[in-house]
Amino acid sequence: MAKLKLEKVTKNFGKVEVIKGVDLVAEHGEFVVFVGPSGCGKSTMLRLITGLESVTSGQILIDGQDLTHAKPSDRGVAMVFQSYALFPHLNVADNIGFGLRLAKLPKADIERRVAEVARILRVEELLDRKPRQLSGGQRQRVAIGRSIIRDPKVFLFDEPLSNLDAALRVIMRLEIARLHSRLGATMIYVTHDQTEAMTLANRIVVFNAGMIEQVGSPMQLYDRPANKFVAGFIGSPAMNFLTAMQDQPDGVGSLSVSGGTVAIGRSVNTPPSERITLGVRPEHVAIVSSEAADLIAKVEIVEELGAESLVYFQAAGSNQQVTMRTSSGVQPKPGDQVSLRFDRERIHLFGSDGRSLAK
């Protein structure tokens, strides 16, 4: 295990700054997940940590040692790639033990450690096969095994499950979670899939345009997003956003939104004329009687997903969309006009700059 520390790390490609002064600490044994949209800098940050890209400025420290300009082989890190990067001409045992052979360890030691890793990853019966004879999940296990066997200080995963089908992704998420629990190693995991982030991470780091928007536990980011970007990125389906304005000059009581008025019962510290954003998650929207309604909306589409359903509405008098998550079989039909109400304890407000207005 090791503590990873990034201090004001930047990375430029020519005149383009893609990493903009990142500060972060990953503690011993922590599972940290980098998330964000394509092109936000999360994979570049991983390559800077492993040494595959050079830092423009700042420092990268592992266990207090400055490794900013060290060779990848001297950093004590191991990386698992999206493409597996297995040697096609070597069998599973030789792929797993390749790094130890380069280090010229005794053959008996290599065989012992390969057998131990194969047992941990449950690939003992595959040791004589070539990569082309393996499924995607089996190849990913072998790629992880090649990293484990080196006993690195920090594990780095670069979207390792993106090539797998949906069912196998779920299985491999569980495998990686079990592996972290067993090894107790420091792991940095990059993904664009916020479901992977929510299920795997001790802490999530949300990247956007080369900067960190927010760092916190999955539920901290879910319940208390720092800004509209984080609120919209974390959670599936995404949070509903409605343009709103204060309904009273003193800023206390209610907000006007398209299709209705939402009584929030608290003050909003913005000028009355400033447009703000009201956010509410799909599971915190309910159909009610007209007397209790926050807004009127028309049902557009109903997606039945088995145990639950997603209902998509259009707010009356506008093109603003609202999504509701509800129990399967408990939903209106397309074309119905209904009254919606938001959970008062779960409403989020964001200013014109996108920052949360939470008290």
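**Close-up views of side-chain contacts**

**View 1. Glu308 and Arg325 join in a salt bridge, with their closest N and O atoms 3.1 Å apart.** The term salt bridge is used here for a side-chain nitrogen of Lys or Arg within 4 Å of a carboxyl oxygen of Asp or Glu. This pair connects distant parts of the chain, with Glu308 in strand β17 (residues 308-315) and Arg325 in strand β18 (residues 321-327), 17 residues apart. Helices (H or I, at least four residues) and strands (E, at least two) are DSSP runs, numbered from the N terminus. Glu308 is partly exposed at 27% relative accessible area, and Arg325 is partly exposed at 22%. Buried stands for under 20% relative accessible area, exposed for over 50%, and partly exposed for what lies in between (1.4 Å probe, protein chains only).

A word on the model: it is predicted, so local features need pLDDT of at least 70 and side-chain atom pairs count only at pLDDT 80 or more, while totals for chains, interfaces and linings use all residues. Residues are numbered from 1 along each chain as its sequence is written, and side-chain values use heavy atoms, leaving out hydrogens and water.

**View 2. Glu175 meets Arg122 in a salt bridge at 2.0 Å, N to O.** Glu175 sits in helix α6 (residues 166-183) and Arg122 in the loop between α4 (107-121) and α5 (136-148), so the contact ties together parts 53 residues apart in sequence. Glu175 is buried, its relative accessible area being 13%. Look around this pair and you will find a network of salt bridges linking Arg122, Arg141, Glu175 and Arg178. The structure holds 15 salt bridges.

**View 3. Phe31 and Tyr189 form a tilted aromatic pair, with ring centres 5.8 Å apart and planes at 45°.** Rings of Phe, Tyr and Trp (its six-membered ring) pair if their centres lie within 6.5 Å; planes under 30 degrees apart count as stacked, over 60 as edge-to-face and the rest as tilted. Phe31 and Tyr189 also belong to one aromatic cluster with Phe155 and Phe157.

**View 4. Arg281 lies over the face of Tyr222, 4.0 Å from the ring centre.** A charge counts as over a ring if NZ of Lys or CZ of Arg is within 6 Å of the ring centre and within 35 degrees of the ring normal. Lys228 likewise lies over the face of Phe241, at 5.1 Å from the ring centre.
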